[in-house]
Amino acid sequence: MRSDLLLHKLLEAAGGPAERGYVLALDGSGLDAVPERVATSRASYAVYRPQTELEIRHILWKMQGAPFIALVKEELAHRLPADIVKRAQGARAHAVDESSVLGAAIGVPLVGTDDPAVLRLAMDHVDELAAAVRQRTLPTVIDRQLLDELLVDVCTDTRLRADKPGALLASWIEHPPGWSEAVRDLVRRTLPRLHASEGKVLAWALGGPGRLEAIVIRGPLLELVREPPEELWGELQDARLGRSIELADHVLAVAVSSLGREALDLLSPQSSAALLQKAESIGRRLLPKSCLERSSVLPLGLECLCAGVARQAAQGHAVPAGVFQEIRAHRSARTREAEIDLLEEIARLSRYLASEPPQVPGGVGEQVRRYLRDGAFADLAALRLRRFLAATHEHRDGAGKVLEAWRQRRDEGNLAFAKTLAAGYVQALHSAEVVPLHRLWTNVVFKGQAPDGAKAPVFVVVLDGCSCPVFIELVWSLSQRADGALGLGLDESGVACGLPALAPLPTVTSHARGAIFLGDIPHDPWLAEARWRDAEEAATDPARFKRNSALGTRTRRMFLKGDLGDGGGELLQVLADPAVEVVAAVFNAVDDQIGSSNTGAVIRVKPDDVVGLLPSLRAALKAGRRVLVVADHGHTPFLRKDLRAGARSTARFLEIGPKDTIPQGFLEIDVGDLGGTKGRKAFAWSVGVYQGSAQVGFHGGCGLEEMVVPLAWLVPSGVHANEPSWWFGGVPAGEDRAPLAMPLPAGAGRAPAPRPVPVGIQTDLFDPRHGLEARALGIDRIGLAPLTVELLGTVERAALVVLHENHTVRTQDLARALGKPVQRIDGLMAQLHRKLHRAQEERFRSEQLPSGELQYHYVPPAGGAMP
């Protein structure tokens, strides 16, 4: 293509194509490979490269006047006799430069472009250059700088102008460019012009192997010290001492650090982990450990942050959720996701343990509601913590201490609940504040309706063995679905929680599920789960459902585990049939898991994993049915084998003989005539205590996690259950003064309370103990007029105190100190500035940093001094 253009340009310079005669031209750049013939509108020209005068005369004789082009060297052209030159078109030897050819091909003149390498590269990509020029505002001329930029666009697959320098670095590390030497030189020339100091460093890095990786390795180390030792520069010594970059040491260090940080955000986890490991290895050899621990990039810095969280929780202190913003922002966080997830659950449980337990247990209704809104979420946090423990070996000791503290705290609540039941089980089960399962139909489903009253089509979903924490997770998953969210409705107080419901004792399937379907407490003998199989279920439950007097004459259908073998196809048909007023279905996914002996697995149930559940819920709602979800009983988890209390076949309840002793963690409760054989009975209240063989979960006892069962209406576009304040919240008030009660090793003393920070000393900007309220109290030290203070909200007062104490604060620092999103800080400070300006009490100014971030400076009042 390039040679064709040049040859046509030569013909134009010689006066245009002709049917006879020949063109004498100088053989030069761009004519290395020419075709044997060039076709024009008037004739076809043969192309020759004669090396001597005699060879030219021979070609003239052979062509007999036919048109051809003779390309000769400049030396030969000077020695040719006049008769040969005069016979050529134009009577001279013609020459044309590539820049004029390029200008003609592109449609825009080229100026100041005389580099042969650049011109050759441009001729090789002339079509792409022409297309690139057409896609932008047509320039008057194309100079060397614009030509370089256009060539970079068409010769490489990188967006050199649009992408950030760190993105380019990450891309080239992951996919090393296979450019020719000419293209590489072109990119190296262009980078400094487009990206300033970072561009100079990148241009240097493209000049040798291993340099790109060296930027990422050395960058995190150079930002840790003001005056890096010579050895710390490593491969960058060549850039530092050479003449290709010519940057001062501190400017070079900043450029390298910035490039490294940007690249680490975009590199794959495997690549970033390998490079950071090399960086840390070098740092351990050349820098003190205390220096590396401050790094927000190197793994050791993250390791210290994580260890601090685990240590704080294990020592009995609540860990605020805000610390994880710093941890998640750490550049090495992506390589330790499992560990951070584990620590977040440890921190969540530490905040639950720091919340004040009630001094008086209260009645049965209050205890059940407290469990639904608080204890069940603590159980869920413990469940999630145990899942994350399976994915990492880190912080097992700290997690174990927090889990033991959770168990002790929950045991306190369970024992109080068990004593309430022991003081009057029948009265507690039938309290007006709770729904006993056998009153489900009269108190919830058909509340206010006569047995043969208004028809109310309903679908009752029974989740066998589903505890409240597992149900909370299920509802959360349902509420997040993009293909049609389902969830809880809000009660009169605007809270999504469900109804307080109690399963009867013992909390075993044969008894508790029988209470649901019979509408009364069954008086059959209590059967252990091992003896309650599909055959007994299929024979007993339908008969009880048929005899349920609470349903009156309403038509009904029941679906058990064996009826769902078709994937729920028949169930969907019945749900769509308006003639069937009451449909009930039992889903055994949870109970099947907790009955497994695979104690190495922690229970995990998702809506998609329960055969027929999602389709049946959607079909019921589509058919206009109300959907009520309930569980027949909950369960307590397997925690460890030393909680085994005996070898009986009933895991969490037992009949007490005259000479029997009640095992540890069990309590005798008189259930009256509410089922079972006569005699004394004891039920387990302690979390994780069991008899017989180990399995994933146990039930039958009187623990809150077993007796308090999910009971809630599901609605389209519903929400998940409201979390307690500690779930996402910070440290409870007063936590900085009194560590929470945690089990300590024998002989160990309690950890001392943190020393108070003296007034007048600059406080730690990121000290998690300083909450908004605590910071806002420091507004009195600033000396604002009382009326001005009244104008400011708590967050504004806290922001001003932070600025007063630290003199200079950036936007992201304020966000972390106040626990607010970064994007809200500048608006908050602008509003604060307006209020202070109106009150003529201006106390700070702002400036924009080169990064675009705002930095705030405290301004003392006239005649005042900086704190």
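Contact here means heavy atoms within 4.5 Å. Helices (H or I, at least four residues) and strands (E, at least two) are DSSP runs, numbered from the N terminus. This is a predicted model, in which local features need pLDDT of at least 70, side-chain atom pairs count only at pLDDT 80 or more, and totals for chains, interfaces and linings use all residues. Residues are numbered from 1 along each chain as its sequence is written, and side-chain values use heavy atoms, with hydrogens and water left out.

**View 1. Helices H19 and H20 meet along their sides chains of contacts.** Asp341, Leu342, Glu345, Ile346, Arg348, Leu349 and Tyr352 of H19 touch Asp374, Ala378, Ala381, Ala382, Arg384, Leu385, Phe388 and Leu389 of H20. By class, this contact has 10 nonpolar, no polar and five charged residues; Ala, Val, Leu, Ile, Met, Phe, Trp, Tyr, Cys and Pro count as nonpolar, Asp, Glu, Lys and Arg as charged, and the others, Gly among them, as polar. H19 (residues 337-354) and H20 (residues 364-389) pack at about 155°, with axes 9 Å apart, which makes H19 roughly antiparallel to H20. Axes are lines fitted to C-alpha atoms, for helices over the stretch in contact, and angles run from 0 to 180 degrees between N-to-C directions. Angles under 35 degrees count as roughly parallel, over 145 as roughly antiparallel, 65 to 115 as roughly perpendicular and the rest as oblique.

**View 2. Helix H11 crosses helix H15 at roughly 50°.** The axes of H11 (residues 211-222) and H15 (residues 269-286) come within 9 Å, and the angle makes H11 oblique to H15. Look for Glu213, Val216, Ile217, Arg218, Pro220 and Leu221 in H11, which meet Leu275, Leu276, Lys278, Ala279, Ile282 and Gly283 in H15. Eight nonpolar, one polar and three charged residues make up this contact.

**View 3. Tyr48 and Phe68 form an edge-to-face pair.** Their ring centres are 5.9 Å apart and their planes lie at 80°. Rings of Phe, Tyr and Trp (its six-membered ring) pair if their centres lie within 6.5 Å; planes under 30 degrees apart count as stacked, over 60 as edge-to-face and the rest as tilted. Tyr48 sits in strand E3 (residues 44-48) and Phe68 in strand E4 (residues 68-72), 20 residues apart. Tyr48 is partly exposed at 23% relative accessible area, whereas Phe68 is buried at 2%. Buried means under 20% relative accessible area, exposed over 50%, partly exposed in between (1.4 Å probe, protein chains only).

**View 4. Tyr690 and Phe698 form a stacked pair.** The rings are 4.5 Å centre to centre, with 5° between the planes. Tyr690 is buried, with a relative accessible area of 1%, and Phe698 is buried at 1% too.
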